[in-house]
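Keep the structure open while you read.

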Amino acid sequence: MADAQHQTPAITKACDLCRKKKIRCQRTPDGGCAQCTRANVADCHFTPIATKKKARRPPGHKQIAILEERLRRTEGLLQDAVGKLGTEPSRSESKSSTPSSTNPVQHPLAMMEENLAQLSPPPQILTWKGMMALGPFSLPSFHPLPPHNVAIELVEEAFSGFYDFYPLFDKSDFLLQFRANYAHSSSSTDPAWWACINTVLSLAYRLRAMRAVRTSGDLFKESQGACGHIHNALAVLSELLLLHDSFPAVQALVGMAAVLQGTPNPHSASVLVTAALRMAQGMGFHRRTCRDDMANSTLSEEEKAQRRRVFWIAFCIDKDISLRTGQPFAQDDDDMDPALPPALKGVSNVAHGIFHARIGLAVIQGQIYKKLYSVQASRQSVADRAAVADELNLLLHFWKSSGAMVMDEVGLTGDLCTTGHLHKLILRFTYVNCLAMVDPILPVTSSLPMARILRVAAAQLGPNHLDTPREDILDRIIKLLRAAGQKGAQLVVFPETALTTFFPRYRLEDVPQSDQYFEDGSTLLTSTRTRPIFDEAAILGLDVCLGFAEKSSEGGQRRQHNSCVYYSAKRRDILAKYRKIHLPGTLQPFEDAGAINQLEKLWFSPGDLGFTAFRAPGLVLNAAKLSVDSDGINNNGNDRDDNRGDPIMGMMICNDRRWAESWRCYGLQGAEVILCGYNTTAWAPDLCGKAEMQQTYEESEEESMFQHRLVMTANSYMNSCFSISAAKSGVEDGKYGLIRGSMIVSPDGYVLAEAKTKGDEVIFAELDLDDCLPGKSMVSLLSQAMINFSP
């Protein structure tokens, strides 16, 4: 009956046909309608229609449903708490005992408070003093933190496998915070620390997961740990974004971006690193003088350097994601000028070199996007974009050449993370990706030869003395190497006897313990007396030509030579050696005690290696790899790319440069660059036979300079080759003057660069080796004519 009373009444106002035609329907007494009667429709049917619709849902009904669900869950928690009241200790027992870890029973009200805290969001306190203040925080935990002993192992693995190479955190500072805060991390009110520790743990688990792939470990467990801890960190993302001038918040955001950068979808990492860069810009990290540093005058230099490290890491991630996704980057290169950060204490040179190489590649990545793929770049003509792509392609080659330490072939043995192999491989893949982005836009000139550019430097040394410690000389040489590297050089030439004074001016009995001035040519790369030079050259990716006094043993007899070696950074080995052939001076000293002697014939044996040219690998972009014999000389005489290979080098020492035969021997072998170190006396009238001419020191020095410039320019022109000469200059041992004049000369005889001082100095020039070709063809024709018409 009740159901019948509540049934919705139904009426019929129009028949089905009139309702379909939407015309007025007039009922007739016979139960039909007038319209159907006129149309002779036999079946005029009226379908009942309900007049009352269903009641509409009230506004906010979904929110009400959510509140009702939460109410049911709260009631359930209360019922659970009440059900455990029977296990509560008596009032007297609770008064006589103190809370401790031995009592496993938690008070029901405490349980309820804890559960309610998990259900409700943390309160927010708003102020109107220029910023939003937050607190107190309730830190969600999707994944439980590991025990202290496990956590410290994970932290150590994260630093050895990643943060030593990309120093987002200072290890000593992080470990101090870890010891102080880890036990209370779950109840901490600092969201930045919570995010940082979970980011480090997530990264450590990711590294473990990579190892598990190779060692058949528990991949699922390690991956689960990585995902759980990154969720912990992301849970406080909103709080991090609202922190003001918080350096730990920037570290946390960059750390999360680094973890998520390797995922298939880099969008989340892009959002995080953009937020981090905006916060860093707000604190002035992108400026050489940070506003954060000025506001905090108590910051130490190391703390300021750490801020620069974090900015550069964010910069690298930003540029990488921008190029991968084709989206604009957050940090414009034209609006930043921070200095490169120094190496962290306790971090290897390899790790620091990888970090700096990555920064350099990130700068190139930004240029590739900006100049080739941005909206502004798309408005350029095809030819303009191709020209820019050509420049970027050359820039990538220069980066690879200067970063030879991290671009060498790497093995896959041992721990990929701690040995740095992982980061070397990532660098390699990033470099290849850059090439792939540039290559489609390059001009179609693959059939035409590209310019063979070589950047070289001559490192002139000031005077050395008999009592100068070897450590001081090594320090000066290494400083010159670094200066050459900063100029962009690929090859550095040092003087004759660069490691000592020019001791052959003395009689044997005047030089006690003379053996200390000689080096064993077979141990140059391992001896502590010379190894630092080649280690530094390897780090900088520089080839080196170095002059020294050599001792050797042949047939049981000691041999001594005035020698130089060519060290290849690509090969990590000595590529060639030359021993001076034209020894000047006399066998016996002059009778005049005040005369300046030249006793090389007494100290050294003439060279026995001849004038042998060789190719230096890894210096020239797109060099054709030609067939070479055991001495490194090209055998493809008929190859069309005969002059497109690695540059052909020749070495000589001091007096050798004055003899045309030295140059012509190299010229006929096609040498393109002649390397010459020298120690040329500024005034030696007895040696030159001009003791009676009363020539002044200045006149003698000027004459020696003229003759030096004459032989270098004339022979470079006659043999159509570049020449690089490096002097040891100044006054040695307080008496013996040496001329300056280190210079780089073109195949046309022009001086491209020349030293201006008599001390330590680096001169630099960029050589286009194709400039040798016109003259080379003429030298070849003349040489053939001389052979054909000689009697």
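**Pocket, cavities and cores**

The second largest pocket holds about 740 Å³ of space. The model is a predicted one. Its protein chain has 27 helices and 19 strands. Of the 791 residues in the chain, 46% are buried.

**Second largest pocket**

- The lining of this pocket has 21 residues. Nearest its centre lie Phe 162, Ala 258, Gln 261, Gly 262 and Ile 426.
- Four helices, α9 (191-215), α12 (247-261), α15 and α20 (421-438), each give at least two lining residues.
- Helix α20 supplies the largest share of this lining, with six residues.
- By residue class, the lining of the second largest pocket has twelve nonpolar, five polar and four charged members.

**Largest cavity**

- The model has four cavities of 30 Å³ or more.
- Nine of the residues lining the largest cavity are nonpolar, one is polar and two are charged.

- Arg 309 sits in helix α15, which covers residues 301-325.
- Is Arg 309 buried or exposed? Its relative accessibility is 1%, so Arg 309 counts as buried; the cut-off for buried is under 20%.
- The side chain of Arg 309 makes a polar contact of 2.9 Å with the side chain of Gln 306.
- Beyond four places in sequence, Arg 309 is in contact with Pro 167, Glu 302, Pro 341, Pro 342, Ala 343, Leu 344 and Phe 355.

**Second largest cavity**

- The second largest cavity holds about 40 Å³ of space.
- Which residues line the second largest cavity? They are Phe 494, Pro 495, Glu 496, Cys 545, Leu 546, Gly 547, Ser 563, Cys 564, Met 652, Ile 653 and Gly 677.
- Strands β8 (543-554), β9 (557-568) and β12 (648-653) are the elements that each give two or more residues to this lining. Strand β8 gives the most, with three.
- The lining of the second largest cavity divides into seven nonpolar residues, three polar and one charged.

**Nonpolar cores**

- In soluble globular proteins, nonpolar side chains tend to be buried together.
- The largest nonpolar core here has 91 residues. Tyr 163, Leu 240, Val 254 and Ile 368 touch the most other members.
- A second, separate core has 50 residues, including Ala 458, Tyr 566, Met 651 and Ala 726.
- What does Val 254 contact, leaving aside its neighbours within four places in sequence? Its contacts are Leu 168, Ala 276, Val 310, Ile 313, Ala 314 and Ile 317.

**Contacts along the chain**

- Take the contacts between residues at least 6 apart in sequence. Of these, 70% join residues at least 24 apart.

Key
Residues are numbered from 1 along each chain as its sequence is written. This is a predicted model: local features need pLDDT of at least 70, side-chain atom pairs count only at pLDDT 80 or more; totals for chains, interfaces and linings use all residues. Side-chain values use heavy atoms; hydrogens and water are left out. A nonpolar core is a set of buried Ala, Val, Leu, Ile, Met, Phe, Trp, Tyr and Cys residues joined through side-chain atoms within 4.5 Å. Buried means under 20% relative accessible area, exposed over 50%, partly exposed in between (1.4 Å probe, protein chains only). Contact means heavy atoms within 4.5 Å. A polar contact is a pair of N or O atoms within 3.5 Å; within protein, one must be able to donate a hydrogen and the other to accept it, and residues adjacent in sequence count only if both atoms are side-chain atoms. On a 1 Å grid over the protein atoms alone, a cavity is a set of points where a 1.4 Å probe fits but cannot get out, and a pocket is an open set with protein on both sides within 12 Å along at least five of seven lines; lining residues have an atom within 4 Å of a point. Grid points are joined across faces, edges and corners, and a volume is the space filled by probe spheres set on the points. Ala, Val, Leu, Ile, Met, Phe, Trp, Tyr, Cys and Pro count as nonpolar, Asp, Glu, Lys and Arg as charged, and the others, Gly among them, as polar.
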